Amino acid sequence: MSEYAKARELGEQAREKEWTRPSFARQLFLGDFQLDLVHPAPAPREEAAQRGEEFVRTMRRFLDAQVDPAEIERTARVPDAVVKGLAELGAFGITIGTEYGGLGLPYLYYCRALMLVGSYSPALATLLSAHQSIGVPQPLKQFGTEEQKREFLPRCARGEISAFLLTEPDVGSDPARLSTTAVRDGDDYVLDGVKLWTTNGVVADLLVVMARTGKKISAFVVEAASPGITVRRRNSFMGLRGIENGVTEFAQVRVPARNLIGREGEGLKIALTTLNTGRLALPATCAGNAKWAVRIAREWGNARVQWGRRIGDHEAVATKIAFIAATAYALEAVCELTSRMADDRRNDIRIEAALAKLYASELGYQVLDELVQIRGGRGFETAESLAARGERGVPAEQMLRDARINRIFEGSSEIMRLLITREAVDAHLSAAGELIDPSASRQDRARALKRASAFYARWLPRLVAGTGNLPTSYAEFGALAGHLRHVERVSRKLARSTFYGMSRWQGRLEHRQAFLGRIVDIGAELFAMTAVCVKAREDAADLGCRPYELADTFCRQAAGRIDALFARLWDNSDTRDARLARYVLDGRYTFVEEGVLDPSIDGPWVGTPEGGEDVRRTIH
């Protein structure tokens with residue numbers, strides 16, 4: 001079996017294969033626009049909502065009084081006093097149940113808290129989210145034993161920091177290459193290996209470690225102070241300068257067998273399932289960044305005058321401000337809808353959470369890039385430099401740098417598109433997988449042909465017409481009804497396009513990643529359009545027509561992006577691009593590289609630090 005086949009098989013074994021609950025996004029990709037799954041959006045219980053609102057207000061007061069984001073940026077460290085203060089607020093146990101010492105708040109308020117923190121200090125938001133979204137609390141809540149929950153969750157809620165360790169120097173999104181091992185020895189497992197980019201790892205008290213147990217991967221809770229664990233270095237990055245991210249080495253580290261999460265071999269399943277809700281943290285911080293950008297764009301667009309007019313009155317700038325404001329409202333809508341669905345638990349949100357992460361990280365970065373452009377030279381200048389020469393220290397360039405990692409964190413955009421595609425076409429593969437599988441036997445293909453014929457005989461006729469063709473559909477949404485009708489029609493067009501792609505490329509479709517990426521991006525736009533219409537209708541009760549204005553503009557902008565994506569499905573240079581890339585890799589065009597110098601520091605492309613002292617530190 002090839003390395004690619006092994007990695008693919010491992011991924012298939014880890015993913016959830018059953019759909020026991022409905023999924024709005026899954027049906028959307030199948031051309032079945034089920035608005036009733038997301039409208040009206042589920043609301044938290046009144047008591048939980050009151051506690052959540054109070055916590056967010058308390059968090060705002062704490063940030064305003066106790067946190068200096070400029071200091072975190074300047075010193076590249078979150079002060080110990082801030083960490084301790086957050087712990088006293090309960091910020092490390094927002095979603096941990098009250099029976100384990102946490103606040104037990106809905107995901108909606110976890111996300112609103114991170115939206116607030118992320119707008120002020122993205123590094124601080126990363127500290128909190130890495131601890132709760134992918135650190136010890138989330139996997140234990142879903143897969144831990146009662147004994148594990150009672151042992152570790154109260155510690156997490158009190159502020160003992162946790163980290164998630166999967167990535168290795170030679171392992172990114174391909175866990176089949178994982179080399180860290182966990183060997184059973186009596187009542188313990190013995191861990192050996194090196195983990196890279198361990199967010200919170202430098203200051204963590206508890207670790208979730210993914211390690212190979214035989215041919216499969218398992219998850220363990222590990223005490224960070226265990227003998228044999230060495231934090232080899234604290235990494236530095238383009239942005240998020242305050243995060244405690246390092247390289248962690250395990251050398252004959254003994255871990256009690258009772259610290260195994262789930263069963264042996266369930267590590268990747270635990271990681272993927274945890275991320276279904278864990279990924280909600282990133283859309284929250286992206287939405288917070290975008291909402292902050294609206295304020296800066298508004299104030300600067302009024303204050304700056306050029307050629308006798310406010311710069312915001314010049315169309316070249318006005319279109320950017322409109323994009324920033326409409327997108328910020330939509331990102332908040334996507335984040336809130338997905339988190340409310342996570343709280344409600346009636347829907348399977350694995351696709352929605354992935355779409356929210358992908359969409360928010362991509363559009364959120366564009367928003368901040370446009371803000372830097374509107375600010376001109378001041379956008380490129382640091383806040384500290386601006387303040388030193390007597391101007392308002394707006395950290396636009398820092399926010400842009402900090403946001404860049406969101407397109408890589410917890411699955412790069414490219415990997416997210418592949419993950420979403422696999423889930424979105426699951427119905428097709430269930431019906432016709434063996435038909436397009438070149439390794440399938442003749443008998444398997446014959447059975448698959450019969451199964452596929454029955455599926456498509458029922459499915460394809462439904463894509464001809466729907467509620468989007470009726471001019472009275474979704475009338476309760478008023479001026480936004482036309483946008484929802486458009487979503488319904490485009491959903492069916494998207495499903496037809498997916499079918500055409502499967503018919504054209506069959507088993508080779510999984511390698512047509514550019515095509516599949518556009519399919520996913522169209523679906524993401526449709527999801528965002530739905531979310532913003534649902535939010536606008538709800539908000540209009542208190543805010544009148546203003547939410548409708550934002551939603552209408554956003555939907556028109558999104559429709560334009562969708563048209564461009566559809567056009568490029570079939571009219572593109574993908575094949576030529578792939579061929580040219582192979583030529584580049586083969587050295588055919590090295591003449592293009594002539595006439596420049598490489599400022600890189602010498603060293604291997606993939607390596608691990610050797611020697612040096614342990615840089616792990618404890619929060620005091």
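Two strands are taken to pair if DSSP finds at least two bridges between them. In this predicted model, strand S3 (residues 188-199) meets that criterion with S7: 9 bridges join the two strands, which run antiparallel. Within this pairing, Val194 stands opposite Glu249 of S7. S7 also pairs with strand S6 (residues 229-234), again in the antiparallel sense, through 5 bridges. Here Arg234 faces Gly246 of S7.

Val247 belongs to S7, which spans residues 245-256. The relative accessibility of Val247 is 3%, so this residue counts as buried. Lys535 lies 288 residues from Val247 along the chain, and the C-alpha atoms of the two are separated by 42 Å.

A further set of pairings involves strand S5 (residues 216-223). This strand is mostly covered, with 6 of its 8 residues buried. Strand S4 (residues 206-213) and S5 are antiparallel and share 8 bridges. Arg212 has Ile217 of S5 as its bridge partner. S4 and S5 form a hairpin with 2 residues between the strands. In that hairpin, Gly214 adopts a positive phi near 70 degrees. S5 pairs with strand S8 (residues 260-261) as well, over 2 antiparallel bridges. In this case Phe220 stands opposite Leu260 of S8.

Among the helices, H3 (residues 46-66) packs with H5 (residues 80-89). The angle between them is about 160 degrees, and their axes are 11 Å apart. Angles over 145 degrees count as roughly antiparallel, and H3 and H5 are therefore roughly antiparallel to each other. Their crossing is right-handed. H3 contributes Phe55, Thr58, Met59, Phe62 and Gln66 to the contact. H5 contributes Val82, Gly85, Leu86 and Leu89. By class, the contact holds 6 nonpolar and 3 polar residues, with no charged residues.

Helix H16 (residues 396-404) is mostly covered, as 8 of its 9 residues are buried. The buried residues are Ala396, Glu397, Gln398, Met399, Leu400, Arg401, Asp402 and Ala403. Their cover includes helix H4 (69-75), helix H6 (107-120) and helix H7 (122-134). It also includes helix H11 (281-303), helix H13 (350-375) and helix H14 (377-380).

Phe566 is located in helix H22 (residues 546-570). With a relative accessibility of 8%, Phe566 falls under the 20% cut-off and therefore counts as buried. Leaving aside residues up to four places away in sequence, Phe566 touches Val490, Lys493, Leu494, Ser497 and Ile522. Asp521 is 45 residues from Phe566 along the chain, yet their C-alpha atoms are separated by 10.0 Å.

Burial also occurs in a loop. His39 lies between helix H2 (24-29) and H3. Its relative accessible area is 16%, and His39 is buried.

Conventions: Residues numbered from 1 in each chain as written. Predicted model: local features only at pLDDT ≥ 70, side-chain atom pairs only at ≥ 80, totals over all residues. Heavy atoms only, no water. Axes fitted to C-alpha atoms, helices over the stretch in contact; angles between N-to-C directions. Helix = DSSP H or I, 4+ residues; strand = E, 2+ residues; numbered from the N terminus. Parallel < 35°, antiparallel > 145°, perpendicular 65-115°, else oblique. Left-handed = near helix turned anticlockwise from the far one by under 90°. Contact = heavy atoms within 4.5 Å. Nonpolar A, V, L, I, M, F, W, Y, C, P; charged D, E, K, R; others polar. Buried < 20%, exposed > 50% of the residue type's maximum accessible area, 1.4 Å probe, protein only.
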